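Here are some notes for a colleague who is opening this structure for the first time. Please keep the view at hand while reading the points below.

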Amino acid sequence: MSTLVIDRIGSLITNDPSLGEGPLGLISDASIVIEHGFVVAVGRAGAIADERIDAEGACVLPGFVDSHTHLVFAGDRAAEFSARMAGQPYDGGGIVVTTEATRSASTDKLDRLTMQRVAEARRHGTTTLEIKSGYGLDVANEVRALDIAGHYTTETTFLGAHLVPTEYAGRSDDYIDLVCGAMLAATAGSARWIDAFCETGAFDADQCRAVLDAGRAAGLGLRLHGNQLGYGPGVQLAVECGCASVDHCTYLSDADIAALAASDTVATFLPAADFSTRQPYPDARRAIDAGVTVAIASNCNPGSSYTTSIPFCIALAVRDMNMTIDEAVQAATVGGARALRRDDVGRLSPGSVGHAIVLDAPSHHHLAYRPGVQLVRTVVGPAS
Ligand code: NIG
């Protein structure tokens with residue numbers, strides 16, 4: 001294919017304020033031309049190209065950038081979810097259940113399951129996604145998870161420090177030595193990022209710092225799970241280590257917000273996890289007003305957030321986290337790109353990657369206004 005035009009766009013979100021109105025860079029009655037996968041022109045409707053998609057007055061926006069997923073796993077934890085809805089608290093302990101199911105699955109099956117989830121995410125408008133390991137928790141199975149993740153994205157994350165596996169019960173420091181030693185050595189070549197779960201019941205700040213330091217020394221970018229189930233050291237540690245993103249941020253103290261605002265670490269909110277674990281929702285308004293760069297992501301995994309739908313996350317962020325619709329859409333596009341330290345995705349301006357979605361709606365407001373409705377009509381560009 002040479003050139004493609006998406007024409008007769010009623011409302012185009014470019015995320016480039018120099019191209020249109022407001023921070024979203026909105027243009028009405030627009031067209032966009034894509035050549036060899038990159039945006040080459042953005043302007044008024046009526047552009048000519050070899051192929052044409054007629055948006056018929058609908059809204060077009062950059063494909064969603066989902067910067068936090070755990071898509072490589074087998075089994076589900078519907079019984080755990082059901083018990084939680086009946087009052088059981090979430091503590092992350094079910095990770096070992098998924099680890100057992102994942103280790104037992106054949107590589108073909110695990111790959112097929114991952115492919116199906118990536119395709120599902122794409123149907124909901126996700127064109128770039130990050131995928132973590134973290135349900136292998138031994139050298140061979142972490143390597144296998146990252147190999148599979150690499151079939152679908154370049155944004156692969158080594159999460160050996162997800163939870164202490166049962167064979168290391170009571171010996172978490174020994175397990176951290178394995179993660180920072182043989183496991184990292186075996187996985188670093190197939191990961192772009194390293195991550196750790198900094199939480200009571202998972203790993204403490206010193207253990208996570210050791211993982212991040214080892215990852216940095218191996219050439220990986222840094223990210224961290226922090227402040228999911230309570231206040232804790234995760235956010236401060238992420239800022240101290242220069243993580244690209246600290247994810248969850250459900251519990252943020254004033255000091256956490258101040259540290260984030262003074263850093264280039266993105267606060268990535270995962271509202272579907274707060275929904276599925278009955279956690280309180282974080283107040284994104286507080287963070288945004290303080291100058292924190294924010295993203296929202298799906299956190300698709302079988303325990304705390306079994307959804308690939310970014311539109312669902314946008315609706316939650318608007319309804320329950322005090323984000324405006326514009327802010328939530330930005331957080332799921334250019335915000336996700338920032339969390340991955342990318343400036344080629346999450347926007348539609350000349351030179352950026354031509355990943356776009358055509359909605360079955362006249363404006364992006366419908367993403368929150370019509371929750372649970374499939375509004376993604378056409379997706380241009382792959383999931384990663
Ligand atoms: O980001 N919090 C740690 N990891 C996942 C949940 C994993 C699970 O429960 O299986 C998360 O929420």
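1. A pairing to start from is that of serine 11 with cysteine 59, its bridge partner in S5. Strand S5 (residues 59-62) runs parallel to S1, and the two are joined by 2 bridges. Strands here are DSSP runs (E, at least two residues) and helices likewise (H or I, at least four), numbered from the N terminus, and two strands pair if DSSP finds at least two bridges between them.

2. Before going further, note that this is a predicted model, in which local features need pLDDT of at least 70 and side-chain atom pairs count only at pLDDT 80 or more, while totals for chains, interfaces and linings use all residues. Residues are numbered from 1 along each chain as its sequence is written.

3. With strand S2 (residues 27-35) it pairs in the antiparallel sense over 7 bridges, and isoleucine 9 has alanine 30 of S2 as its bridge partner. Strand S4 (residues 51-54) runs parallel to S1 and is joined to it by 4 bridges, with valine 5 standing opposite arginine 52 of S4.

4. Strand S1 (residues 3-12) is largely enclosed by the rest of the structure, because 7 of its 10 residues are buried. A residue is called buried if 20 or more other C-beta atoms lie within 10 Å of its own, exposed if 12 or fewer, and partly exposed in between, with C-beta atoms placed from the backbone.

5. Which residues of H6 are buried? They are Gln207, Cys208, Val211, Leu212, Ala214 and Gly215.

6. After H6 comes glycine 219, whose phi is positive, near 90 degrees.
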